[in-house]
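User: Hi! Could you walk me through this one?
Analyst: Happy to, just ask away.
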Amino acid sequence: MAMTMTQKILAAHAGLDSVVPGQLIQANLDCVLGNDITSAVAIPEFRKTGAKAVFDREKVAIVLDHFTPNKDIKAAEQCKTCRTFAREMGVKHFYDVGAMGIEHALLPEKGIVVPGDCVIGADSHTCTYGALGAFSTGIGSTDMAVGMATGQCWFKVPEALRFTLTGKLPPLVSGKDVILHIIGMIGVDGALYKSMEFVGDGVASLTMDDRFTICNMAIEAGAKNGIFPADEAAQAYAKEHSTRPFQVYAADPDAEYVAEYTIDLSTLSPVVAFPHLPENTRTFDEIPKDLKIDQVIIGSCTNGRLGDMAAAAAILKGRKIHPDVRCIIFPATQQIYLDCVRLGYAEIFVSAGAAFSTPTCGPCLGGHIGIMAAGEKTISTTNRNFVGRMGDVTSEIYLASPATAAASAVTGCITDPRTL
Amino acid sequence: MNAKGKVFKYGDNVDTDVIIPARYLNDPRGEVLAQYCMIDIDPEFAKKVQKGDIIVANKNFGCGSSREHAPLSIKCAGVSCVIAASFARIFYRNSINIGLPILECPEAAAEIQAGDTVSVDFDSGVITDETTGKTYQAQGFPPFIQEIMAADGLVAQTRAKLEGK
């Protein structure tokens with residue numbers, strides 16, 4: 001039977017010639033990931049399985065990125081639990097403060113995930129690695145515990161939606177605008193339990209950073225995973241970052257999709273998702289010109305990569321952050337941070353009046369750094385604008401691209417970067 | 001197995017941030033998380049909920065973060081079952097893995113009201129609203145998932161398998 005990219009990867013990892021949607025399988029894992037919050041729950045569960053060692057110390061990754069650098073004593077204790085476990089088990093891919101970055105930027109950068117892999121992570125944005133042509137999906141702490149013990153995870157083989165991308169994005173329109181446009185179109189449960197497969201001749205025009213951003217937010221449409229073909233750019237990325245051999249899977253021409261969409265990238269414009277759901281998207285013809293904001297957040301697993309930093313720097317160069325706005329910029333990894341220093345972005349950000357932070361997930365989930373008071377508004381390049389996500393339950397989050405967020409930081413109002 | 005309790009009712013897209021906000025994720029213990037369960041959507045929930053009570057919600061319950069703290073806080077708050085029109089997929093598998101009973105039933109989710117007394121027969125998937133007398137048929141679990149639940153969750157099942165080797 002004809003299969004999608006996702007179905008082929010799952011079949012190969014389950015040792016089956018083919019799989020069909022709805023089939024329940026046990027798949028072998030190439031990587032099991034956790035962070036300081038989810039691993040702290042998974043580690044005691046791992047002990048309860050009776051396993052004395054992780055299934056493969058080179059296929060477990062633990063990244064202390066959420067409440068780090070430690071935000072309080074309890075967070076410090078959770079990190080200590082993870083650190084002790086990682087040392088005891090000899091976990092190869094263990095990243096602590098000074099080496100750590102936001103997990104979903106870090107794992108591809110370190111070459112831990114390559115095309116064709118089957119990856120689970122106890123973090124919902126694990127779906128990011130689909131940009132490399134891998135199957136990767138978010139799971140919970142119990143799945144992480146059992147994955148570390150056995151090297152396997154149970155899956156229901158998903159149906160798929162196909163998004164055929166054509167054309168090329170206009171200037172100042174990015175992967176973030178593409179995925180917000182799609183979520184606005186299909187809704188926050190529009191891809192529930194399903195794969196989102198991105199194909200078409202428009203793919204080649206998207207940078208790898210754009211593709212990571214698009215796959216990263218597949219979960220915000222409810223998807224099990226998002227995936228791009230492992231084309232020339234994805235294979236070049238994998239070769240640059242990893243020495244591991246990899247397998248390229250392409251969908252069969254007659255693979256079945258439950259719905260198909262065609263998106264001409266050249267017709268897209270900047271998109272902002274209004275409170276309190278990522279599906280509440282508007283383009284600038286529907287956004288009031290005087291919508292004031294108190295804070296701007298640029299970074300996260302969604303938009304903390306070098307291309308995102310470059311987009312923000314291009315806007316902020318020679319400009320100042322509006323006096324009524326607090327702007328916080330946090331590159332996703334140590335390498336990206338260093339690149340920002342070397343390329344002069346750090347100086348641009350600090351000269352503009354932005355706070356330039358060490359990598360952390362803190363601001364995105366209201367963990368620490370940039371928490372909002374009652375009634376405040378933030379425009380953010382992160383992924384969720386749920387009630388209370390970044391602070392008080394009456395605060396508001398507007399999701400946008402780095403260019404839109406940076407332009408808004410300059411004017412103090414939500415601003416189309418093309419008008420600056 | 002059966003459950004019976006009073007209903008707490010919520011709408012569409014109840015996300016894991018409102019079920020258990022990140023500010024409480026610095027403690028992994030279920031009994032601690034339970035004190036803050038639903039705090040950003042229903043601040044009175046943790047005070048009012050009684051052992052055995054049931055949550056009924058509309059579509060896409062548990063969307064957002066993969067934090068297992070969300071179903072854990074609900075389970076440890078004493079909730080016996082969550083009924084929804086649909087569940088976000090990570091919340092769905094987390095609930096099965098930790099042994100929090102969940103049922104998909106759009107009709108029940110639409111009609112059952114807050115404060116109703118509802119009973120659930122997990123073997124048959126029949127939901128009864130004892131306040132109105134109406135019954136609903138929820139989707140059953142496939143045998144693969146029933147095995148996980150019968151083994152008292154994925155960890156216990158894995159332990160049994162590893163010991164059997």
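User: Which strands of chain A does helix H1 lie across?
Analyst: Helix H1 (residues 5-14) of chain A lies across E9 and E10 of chain A, at about 120 degrees to E9(A). Contact means heavy atoms within 4.5 Å; axes are lines fitted to C-alpha atoms, for helices over the stretch in contact, with angles from 0 to 180 degrees between N-to-C directions. Helices (H or I, at least four residues) and strands (E, at least two) are DSSP runs numbered from the N terminus. This is a predicted model, where local features need pLDDT of at least 70, side-chain atom pairs count only at pLDDT 80 or more, and totals for chains, interfaces and linings use all residues. Residues count from 1 along each chain as written, chains are lettered from A and ligands numbered from 1 in written order, and side-chain values use heavy atoms, without hydrogens and water.
User: What's the strand order in the open sheet?
Analyst: E10-E9-E8-E11 in chain A, with parallel pairing; pairing takes at least two DSSP bridges. Strands E10 (225-227) and E11 (259-264) of chain A stand at the edges with a single partner each, so one side of each has no neighbour in the sheet.
User: Switching topic, how many salt bridges cross between chain A and chain B?
Analyst: Four, by the rule (a side-chain nitrogen of Lys or Arg within 4 Å of a carboxyl oxygen of Asp or Glu). One salt bridge joins Lys59(B) and Asp189(A), at 3.2 Å, N to O.
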